[in-house]
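Hi,

Here is the structure I promised to pass on to you. Have a look at it first, and my notes follow below.

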Amino acid sequence: MRITRPTRPARLVTLLGAAAVGLSVTAITLPGTAGATPRQPVRPTIVLEHGAFADASSWDGVVERLQRAGYPVVAAANPLRGPATDAAYLRSVVEDIDGPVVLVGHSYGGTVISQAATGLEGKVKALVYIAAFLPDTGENSLGLTNKFPGSTLGQVIAPVNYTLPDGASGADVYIKPDKFHQQFAADVPADKARLMATGQRPIAAAALEENSTRAAWKTIPSWSLVTTEDQNIPVAAQRFMSARAHARTTEIDASHAVSVSRPDAVARIVEKAARTVR
């Protein structure tokens, strides 16, 4: 029997057809195969809330480290008018962010994040308290400060009265500039502390006595950094609140201005919380 060889065009069609079959097979990638792209870990947005006598720039060193680690960061402005007002504002900031959030509060900012995050458990995945208040419902910052000895804040603050357009009056409180370094930021270089004193944001005196109405740490995992050299919030108060909230707690020998003096330590605990987000 004579075998007829395919003509050149026929052989070309055969080769192209085989190549097409090969391409179609290699283009199919099944889940779990070696060619699959590994799932990247979630990167939550870190929202930082400052406290009284500070502003968003107090987070600068922390922001730098978190951004270097690849986290999106928002250093929110805190109106410092009262837990309800301030929490409502922070909540609007959080709700405008796509994806999961880790909320971080310093000092009175802890009161604010505790109230703002309630009901946002699907979005706010972790709370981090930095030398901060973790109030329960019905508690306020002044009451928690006075619950334990050690704070000298009451001896160095100066009130400034103001009148609102509707005729209502109130008072803002500042730390006296010449007392700021020792009271608030003893482990910060003097030149830096002087700038912080000049740019400090006052808090409404009424805000320190306004009771919290919510406590998000009851439903959201929490972390706490306790500052043992703190002259604003007694270390005993910080330990009490952290233990009550079952927060994963780290202690550090630092002043109340730990986000300025030890941004590395603050960033580390925030990253620990952020790495739990899935």
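Predicted model: local features only at pLDDT ≥ 70, side-chain atom pairs only at ≥ 80, totals over all residues.

Residues are numbered from 1 along each chain as its sequence is written, and side-chain values use heavy atoms, with hydrogens and water left out.

A197 belongs to helix α7, residues 190–198 (helices are DSSP runs of H or I with at least four residues, strands runs of E with at least two, numbered from the N terminus). Leaving aside residues up to four places away in sequence, A197 touches P177 and F180 (contact means heavy atoms within 4.5 Å). P177 is 20 residues from A197 in sequence, yet their C-alpha atoms are 5.4 Å apart.

Now to a sheet. Three strands make an open, antiparallel sheet in the order β5-β6-β7 (two strands pair if DSSP finds at least two bridges between them). β5 (157–163) and β7 (203–204) each have a single partner strand, so one side of each lacks a neighbour in the sheet. β5 is joined to β6 (residues 169–175) by 7 bridges, and V160 has D172 in β6 as its bridge partner.

For the chain as a whole, there are 10 helices and 9 strands, and 45% of the 278 residues count as buried.

Best wishes

Definitions and conventions. Buried < 20%, exposed > 50% of the residue type's maximum accessible area, 1.4 Å probe, protein only.
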